[in-house]
Amino acid sequence: METGFLRRIFLGLAMVVSGIVTAMAGALPASAEPGATLAQVRERGHLSCGVNPGLPGFATQNTDGRWSGFDVAYCRAIAAAIFADPEAVDFVPLNARERFDALTDGTIDVLLRNSTATMARDAGMPLDFPVVTYFDGQGFLVRKQLGVSSARELSGATVCVEDGTTTKLNLDDYFRAQGIRYEPVVFGSALETIDAYLNGRCDAYTTDASGLYAHRMRASDPDEHVVLPEVISKEPLGPAVRDDDPQWADLVRWVHFAMLNAEEHDVTAENARERAANDPTPVIRRLLGIEGEFGAMLGLDEGWAVEVIAHVGNYGEVFARNIGDASPLNIQRGLNALWTRGGLQYGQPIR
């Protein structure tokens, strides 16, 4: 009787544990198994991509509802790799506070919203940051009439800053290290923050330097505002994915590396298909899927990189037309130049 009683207890506990595990599995995003995200995206017929609600050069919508920008181009590039169609994307605008929840709960497949990779986010949240698409750093925007040429001259100033980002912490760290007193004026979204600054609510506005150049264009006279020289933080920006699907993280990572390798070897949107058909160079043939079976490693067709480059362009083309010298922002490549030109962007080899 004692053995039978214990057996019944163990059986009951096993059923309870099984029920808890089943319930937990049902609460997880459907991509809890490696490779599931790509399968879900294919079954749905489009990529769900989280983007900034409005950041000139990175993610904006025109009057016809069409999205464009540097981050938007990466959404289209991932769609092109999967579907050979850069239009197979549903863009989901997200503010800073809701962006990571939308990713972890499965609302979106990938987040491309000028998000900084940090240890707290990478190791402390169920997230993975596969690659850095834009090396940035936080700075300050002020009116020329304020008469300052350095952030060290902002003692006692009011500074507009967005809540729910790394920006406020960086701001506190910088002024504390400098022994400077300041007054933060905190807002819930990037647009509220820049609008408050432009309306005279604050002496200065702080965010990533790329955002300063982008939001400066919202001023009635952009030339009346200047970006101060100090860069007070490291802001490695790039896509974020859930950390439960390494194949999906690999796919997102290698889309970026393909675009970098394409720029390094002068493969462009205009010549990608012709070079895929005729180029004898081994590194080009591997990149464009003529030699090897590298697409299969990502769950993609072998010509995936041709589709990315032909539809979206290489990294340099995407940079130039959205935020570089072919755009109103005219941001210099700087750290985002290729490694062969003094920058940090380095496409790992396809071999």
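The questions and answers below concern a predicted model, in which local features need pLDDT of at least 70, side-chain atom pairs count only at pLDDT 80 or more, and totals for chains, interfaces and linings use all residues. Residues are numbered from 1 along each chain as its sequence is written, and side-chain values use heavy atoms, with hydrogens and water left out.

Reader: How are helix H2 and helix H9 oriented, parallel or perpendicular?

Author: Helices here are DSSP runs (H or I, at least four residues; strands are E, at least two), numbered from the N terminus. H2 (residues 36–44) and H9 (residues 246–264) pack at an angle of about 70°, with their axes 6 Å apart, where axes are lines fitted to C-alpha atoms over the stretch in contact and angles run from 0 to 180 degrees between N-to-C directions. Angles of 65 to 115 degrees count as roughly perpendicular, those under 35 as roughly parallel, those over 145 as roughly antiparallel and the rest as oblique. H2 is therefore roughly perpendicular to H9.

Reader: Which residues of H2 and H9 make the contact?

Author: Contact means heavy atoms within 4.5 Å. By class, the residues of this contact are four nonpolar, two polar and no charged, with Ala, Val, Leu, Ile, Met, Phe, Trp, Tyr, Cys and Pro counted as nonpolar, Asp, Glu, Lys and Arg as charged, and the others, Gly among them, as polar. H9 contributes Gln247, Trp248 and Leu251, and H2 contributes Thr37, Leu38 and Val41.

Reader: Which element gives the most to the lining of the largest cavity?

Author: On a 1 Å grid over the protein atoms alone, a cavity is a set of points where a 1.4 Å probe fits but cannot get out, a pocket is an open set with protein on both sides within 12 Å along at least five of seven lines, and lining residues have an atom within 4 Å of a point. The largest cavity holds about 200 Å³, and among its 20 lining residues Arg113, Asn114, Glu162, Thr207 and Asp208 are the closest to its centre. Strand S5 (110–116), strand S11 (204–208) and H8 each give two or more residues. The most, four residues, come from S5.

Reader: What is the volume of the largest pocket?

Author: Tyr134, Asp136, Ala209, Tyr213 and Val231 are the closest to the centre of this pocket, out of 19 lining residues, which comprise ten nonpolar, six polar and three charged. Grid points are joined across faces, edges and corners, and a volume is the space filled by probe spheres set on the points. For the largest pocket, the volume is about 320 Å³.
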